[in-house]
Amino acid sequence: MKIREINAMRGPNYWSIRRHKLIVMVLDLEDMEEKPTNKVEGFSKRIKAMFPSMYSHRCSEGCEGGFFMRVDEGTWMGHVIEHIALEIQTLADMDTGFGRTRGYGEEGVYHVVFSYIEESVGRYAARAAVRICEALISGEDYNLEEDIQKMRELRESERLGPSTGSIVEEAQSRGIPWIRLNKYSLVQLGYGANQKRIQATVTSETSSIGVELACDKEDTKYLLEQAEVEVPKGDIISRESSLEEACRYIGYPLVIKPVDGNHGRGITVDINSYEHALEGFKAAKEVSRRVIVEKYITGEDYRLLVINNRFVAAAKRTPAHVVGDGKSTIEELVAEVNTDPRRGYGHEKVLTAITINDLTKTIISDAGYTPTSILNKDERLILKDTANLSTGGTAEDVTDIVHPANVSMAERISKIIDLDICGIDIMTTDISKPLSETGGAVLEVNAGPGFRMHLAPTTGLPRNVAAPVVDKLFPQKGDTGRIPIIAITGTNGKTTTSRLIAHIAKMNGHRVGYTTSDGVYIQNRMLMKGDCTGPASAEFVLKDPTVNFAVLECARGGLLRAGLGFKKCDIAIVTNVSADHLGLKGIHTIEQLAKVKAVVPETVLPDGYAILNADDDLVYDMKRNLECNLALFSMDENNPRIKALQRIGGITAIYENGYVTICRGIWKMRIMKAENIPLTYGGKARFMIQNILPAVIAANIQGISIEDTKAALETFIPSASSTPGRLNLFKFNNFNILLDYAHNPAGMRALQKFTDSLEATVKVGIIAGIGDRREEDNNEMGSIAAEMFDEIIIRQDKNLRGQSEEALINMLDVGIKKKDPNKKTTIIPSEREAITHAVANAQKGSLIVLCSDVVPDALELVKELKNKEGLA
């Protein structure tokens with residue numbers, strides 16, 4: 001078996017609108033296509049032995065054991081690999097269960113599709129599932145536990161931490177979109193100009209002064225002392241020579257910690273001798289230049305959490321420890337504690353497994369033991385120097401018993417240190433009493449405090465501490481941090497429609513970011529060049545903090561490669577669907593292509609609009625799966641589909657009596673005559689009218705007035721700068737050149753209708769075969785060219801996309817000869833040489849039509865030739 005490719009879907013996709021996180025593996029079974037599971041001796045027995053938990057897989061049988069029934073009856077290995085990939089993720093504590101295995105369109109080749117929690121784990125699971133299946137087929141031993149542990153490690157290295165993850169989940173529950181900005185914990189909530197950012201539990205609204213203060217324990221303690229907050233008596237030193245005097249001044253027991261430390265690093269507690277203090281001083285100096293020496297306050301360790309200057313939760317924290325039974329060694333006691341099903345690797349579960357590392361061994365040694373020592377019955381041994389959950393500690397929720405005086409103190413501290421989110425560490429014997437009564441003290445104020453102890457305490461009530469964070473960032477009820485998103489898809493016309501809508505929005509005062517097949521633009525400034533119609537380009541726009549209106553062209557390639565770059569849009573437009581790129585990525589029919597395009601309108605928000613072409617059956621049929629409002633456009637005002645929507649008060653746009661017109665219900669609102677819209681070339685480019693219709697509906701839905709829309713249409717002048725590669729007409733002294741992106745049969749037919757309306761003594765076409773089109777598509781392109789042009793020059797693209805130059809030229813030539821065996825045809829493979837040849841031999845009054853796939857290069861050459869003519 002051979003893996004051809006593995007793609008990770010990260011947004012709405014061809015396989016599922018709602019399940020965004022899917023691995024799509026193209027798997028060639030090779031010889032195993034002839035060997036289903038019931039023809040491989042012992043396979044069923046071996047897979048049941050390796051994965052007894054797979055009994056829960058119901059599969060298409062709809063009952064427990066269903067998958068094993070399929071294995072016994074005989075199923076193909078692609079299906080088996082799908083189930084293995086899901087099961088090994090579940091065994092690694094990433095329970096996920098969506099899967100599909102479908103034919104790719106080639107004999108023995110399949111799409112194996114399954115869900116994932118973390119992308120790197122999903123990709124690993126795909127490859128591991130194939131390896132495991134091969135071992136099951138051959139009967140070889142396989143170390144499954146190695147894969148399980150590797151997936152756990154991958155998850156910990158990639159996943160959002162508990163704090164960040166909880167805020168993201170809370171935001172998602174409110175419809176707030178999010179984007180991860182780095183591989184750590186920097187996350188954007190909302191889009192464009194309305195975005196907020198978090199990094200763990202530090203927000204874009206957190207005071208940098210507050211963070212600086214919290215990180216400087218000396219300044220924090222000084223400010224709290226000045227404000228009459230109970231803090232331990234202490235001193236700050238930087239030299240070992242000052243340590244003895246500090247110990248004498250403060251008195252034992254002591255705690256020594258670094259001034260600039262965090263997360264418990266370099267802290268030594270319960271120091272009762274100078275020798276122990278010296279060790280603690282050296283440990284702290286490894287973390288910070290200056291060291292705090294202060295009174296060790298006895299009692300319990302509490303964390304009070306304040307968000308937006310309001311107390312929200314409190315937890316009592318206990319360091320990782322074991323309790324002796326008089327029989328077991330310390331190592332055995334740790335192992336017993338780790339059998340608690342709530343403990344796991346890293347942050348995967350409520351509690352973290354306790355590890356015996358060098359620090360633990362030192363603590364054990366200081367207590368007079370070794371890891372193999374047996375503790376007396378009921379003897380309690382602390383194994384870590386902090387109570388952090390990440391080192392195996394436990395937490396008990398005590399929110400409801402915190403004394404009001406301590407609550408008031410915590411809220412006051414948050415304002416003194418100027419932190420919108422802070423964790424206040426307190427040591428006291430009883431949190432239900434004021435610190436002034438218990439002799440307790442505030443030990444530390446933390447910026448970016450961890451939420452894990454509050455979200456999932458070991459005992460007590462879990463607290464949704466993420467909610468007040470999101471409340472603070474998005475205080476207005478219903479605020480989702482979104483900006484208007486208009487998404488455009490279809491076979492032809494996407495780029496022009498996108499550019500036109502962006503122009504209309506910009507003219508109406510919006511700061512627009514838009515993506516096209518030639519680049520990404522922020523306020524008409526190109527910031528990325530090339531085909532930018534995929535999810536990465538969409539995210540580029542949605543990340544930009546200057547953008548408050550997004551127009552996103554969405555092509556099939558990005559959809560099949562990774563899904564959409566956004567979860568929901570406000571308006572989706574589908575221009576048309578015709579044969580293009582068929583035979584690629586498992587998409588072999590126009591119906592499958594329509595399903596790919598339909599992903600975009602199916603992501604429209606419930607109160608948004610899908611704008612569909614009523615003249616295209618495949619596009620119109622997309623309305624069946626919509627969960628939003630419907631608007632239609634048509635070149636025929638009497639189209640029955642248009643009439644039906646008008647009767648129920650819907651929004652439509654039509655071409656009627658020479659006008660571009662919007663209708664709300666049966667009421668017409670004429671915008672202007674099509675022949676007066678520059679983009680239509682005096683009404684001759686009818687396919688441009690078809691692009692204008694959905695654009696004006698989108699503008700109308702967004703509240704842009706008819707007058708402003710008309711003004712924008714009048715000022716959108718087709719040119720190499722505003723519509724590169726879309727009917728760019730260059731007038732030379734004795735002839736004209738028309739450059740267009742027409743790159744499929746439907747596009748060529750539309751271009752033909754336009755060129756037929758143009759006067760010329762001779763029409764010369766420069767065309768190219770395209771490597772990622774079917775042979776019949778290239779044949780048809782040749783046949784259409786034979787109808788359009790008096791002379792044809794066949795050139796070739798730089799990127800042959802898997803075909804040979806000779807094969808592509810031959811495909812076009814076959815189509816040309818089929819239509820007209822005597823058509824004058826010249827073959828000049830180089831595009832530059834083909835254009836130069838056409839210009840050098842141009843007859844007076846002729847029209848040269850250049851169909852280019854690499855628009856920037858062609859435009860540059862045509863402009864260069866025009867400038868030379870002007871200098872001649």
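How many aromatic pairs does the structure hold? I looked that up before anything else, keeping in mind that this is a predicted model. The answer is five aromatic pairs.

**Entry: Phe 67 and Phe 68**

Then I checked burial. Phe 67 is buried, with a relative accessible area of 0%. Phe 68 comes out at 8%, and because buried means under 20%, Phe 68 counts as buried too.

**Entry: Tyr 514 and Tyr 521**

Next I took the rings of Tyr 514 and Tyr 521. Their centres are 4.9 Å apart and their planes sit at 10 degrees, so I logged the pair as stacked. On accessibility, Tyr 514 has a relative area of 5% and is buried. Tyr 521 is buried as well, at 7%.

**Entry: arginines over tyrosine rings**

I also went looking for charges over rings. Arg 131 has its charged end over the ring of Tyr 124, and I noted 5.5 Å to the ring centre. Another case is Arg 670, which lies over the face of Tyr 659 at 4.3 Å from the centre of the ring.

**Entry: helices α23 and α24**

How do the axes of α23 and α24 cross? I have α23 as residues 686-701 and α24 as residues 706-715. Their axes come within 10 Å and cross at roughly 140 degrees. Roughly antiparallel would take an angle over 145 degrees, so I wrote the two helices down as oblique to each other. The crossing is right-handed.

Which residues make the contact? From α23 I listed Ile 692, Val 696, Ala 699 and Asn 700. The α24 side contributes Ile 706, Thr 709 and Leu 713.

**Entry: the whole protein**

Last, I zoomed out. The protein has 872 residues, and buried ones make up 55% of them. I found 29 helices and 38 strands. Along the principal axes, the C-alpha atoms fill a box of roughly 105 × 70 × 60 Å. For contacts with a separation of 6 or more, residues 24 or more positions apart account for 67%.

Methods:
Residues numbered from 1 in each chain as written. Predicted model: local features only at pLDDT ≥ 70, side-chain atom pairs only at ≥ 80, totals over all residues. Heavy atoms only, no water. Phe/Tyr/Trp six-rings, centres within 6.5 Å; stacked < 30°, edge-to-face > 60°. Buried < 20%, exposed > 50% of the residue type's maximum accessible area, 1.4 Å probe, protein only. Lys NZ or Arg CZ within 6 Å of the ring centre and 35° of its normal. Axes fitted to C-alpha atoms, helices over the stretch in contact; angles between N-to-C directions. Helix = DSSP H or I, 4+ residues; strand = E, 2+ residues; numbered from the N terminus. Parallel < 35°, antiparallel > 145°, perpendicular 65-115°, else oblique. Left-handed = near helix turned anticlockwise from the far one by under 90°. Contact = heavy atoms within 4.5 Å.
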